[in-house]
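Please view the model alongside the text.

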Amino acid sequence: MRTRPLGTAGYGPDAEALARRYTSTTFEAVHASILPWLPSSPGRVLDIGAGSGRDAAALARRGHHVVAVEPTDELRRIGRRSHPGVDIEWVDDALPALARVRGRYDLVLMSAVWMHLDEAERVDGMRRVAELTAPGGRVAMSIRRGPVPEGRRMFAVPVAETLALAGRSALFPVHRGEEPDHLGRADVHWDTLVLRAEPPAPQGQR
C-alpha cells in the first residue's frame with residue numbers, strides 16, 4: 001500500500017467538503033496578484049498540489065498545457081470528475097522529490113502547499129522546483145499564516161527563509177505581497193511570492 005506524504009494529512013477524509021470550499025471562489029479572485037506574471041502566450045504549467053483542479057482548469061482554459069500534481073487520491077479523483085473535457089494531465093506525486101514529473105515549465109504554481117513541508121523538505125523542494133522551471137520561467141507560490149487546523153501538518157515558514165532558499169537555486173523575486181484569506185477566515189493570511197528563474201530585467205521591462 002502506498003504511503004501518503006505527511007503533508008496530505010487530513011485532506012483525504014475531507015476531500016468533498018474541501019473541493020466545494022475551493023470552488024466557492026475563482027482562480028482569478030484568489031490569484032489576482034500573480035495574474036500579471038502568468039505566461040503571456042500558451043506555455044507549460046506545473047500546478048503542484050492541484051487539489052480539486054480549480055486552478056489547473058482555469059490555466060488550461062487559457063490555452064496552457066497543464067500538469068496537475070496531487071498526492072491525495074480523493075482530491076485527484078474529484079479533479080478528474082469535475083473538469084471533463086479540460087486538457088489536464090494528472091500526476092500522483094508530491095514535493096520534495098516530484099520523481100514522476102519530467103520536463104521544464106514556464107510557470108510552476110504552488111498554491112497553499114509550501115507550509116506543509118518541514119525545513120529539510122523545503123531545502124530539497126526548492127532545489128527540485130528550480131530544476132523544473134524553464135529559463136525565464138516563474139514560480140508563483142502562496143504560503144499560509146495562521147492556526148493549524150486539527151489533524152493537519154503545517155509549519156510557520158518565514159518569507160526570508162523562502163527567499164534565501166530560492167536565491168541559492170537561482171530563483172529571484174519579482175513580486176512579494178500579503179493578502180487576507182479569500183475564504184473569509186479572519187485568522188488566516190497569505191504571503192504571496194513570484195520568483196523568476198534568472199536575474200530580473202531592469203525596471204520597466206518584464
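## Serine 169

Serine 169 is partly exposed, with a relative accessible area of 21%. Buried means under 20% relative accessible area, exposed over 50%, and partly exposed in between, using a 1.4 Å probe and protein chains only. Serine 169 sits in the loop between helix 6 (159-168) and strand 6 (172-180). Helices (H or I, at least four residues) and strands (E, at least two) are DSSP runs, numbered from the N terminus.

Leaving aside neighbours within four places in sequence, serine 169 is in contact with Met126, Arg127 and Ala130. Contact means heavy atoms within 4.5 Å. Arginine 127 is 42 residues away along the chain, yet 5.9 Å separates its C-alpha atom from that of serine 169.

## Basis of the model

This is a predicted model, in which local features need pLDDT of at least 70 and side-chain atom pairs count only at pLDDT 80 or more, while totals for chains, interfaces and linings use all residues. Residues are numbered from 1 along each chain as its sequence is written, and side-chain values use heavy atoms, with hydrogens and water left out.

## Helix 5 against helix 6

Helix 5 and helix 6 pack at an angle of about 40 degrees, and their axes are 9 Å apart. Axes are lines fitted to C-alpha atoms, for helices over the stretch in contact; angles run from 0 to 180 degrees between N-to-C directions. The crossing of the two helices is right-handed, that is, the near helix is turned clockwise from the far one by less than a right angle.

From helix 5, Glu119, Arg122, Val123 and Met126 meet Glu161, Thr162, Leu165 and Ala166 of helix 6. The residues of this contact divide into four nonpolar, one polar and three charged. Here Ala, Val, Leu, Ile, Met, Phe, Trp, Tyr, Cys and Pro count as nonpolar, Asp, Glu, Lys and Arg as charged, and the others, Gly among them, as polar.

## Two nonpolar cores

In soluble globular proteins, nonpolar side chains tend to be buried together. The largest nonpolar core has 39 residues. A nonpolar core is a set of buried Ala, Val, Leu, Ile, Met, Phe, Trp, Tyr and Cys residues joined through side-chain atoms within 4.5 Å. Leu46, Ile48, Leu95, Val108, Met110, Trp114 and Leu171 have the most contacts inside the largest core. Helix 5 (residues 119-132) gives the most to this core, with four residues. Another core, of 20 residues, lies apart from it, with Ile34, Ala50, Ala140 and Val194 among its members.

Alanine 140 belongs to strand 5 (residues 133-145). Alanine 140 counts as buried, at 2% relative accessibility. Beyond four places in sequence, its contacts are Ile34, Leu107, Val108, Leu109, Met110, Leu193 and Val194.

A cis peptide bond joins leucine 95 and proline 96, with omega about 5 degrees. Proline 96 lies in the loop between strand 3 (88-91) and strand 4 (105-111). Leucine 98 is found in the loop between strand 3 and strand 4. Its phi is near 45 degrees, a positive value in a residue other than glycine. Leucine 98 is buried, with a relative accessible area of 0%.

## Alanine 112

Alanine 112 lies in the loop between strand 4 and helix 5. Phi of alanine 112 is near 60 degrees, a positive value in a residue other than glycine. Alanine 112 is partly exposed, at 27% relative accessibility.
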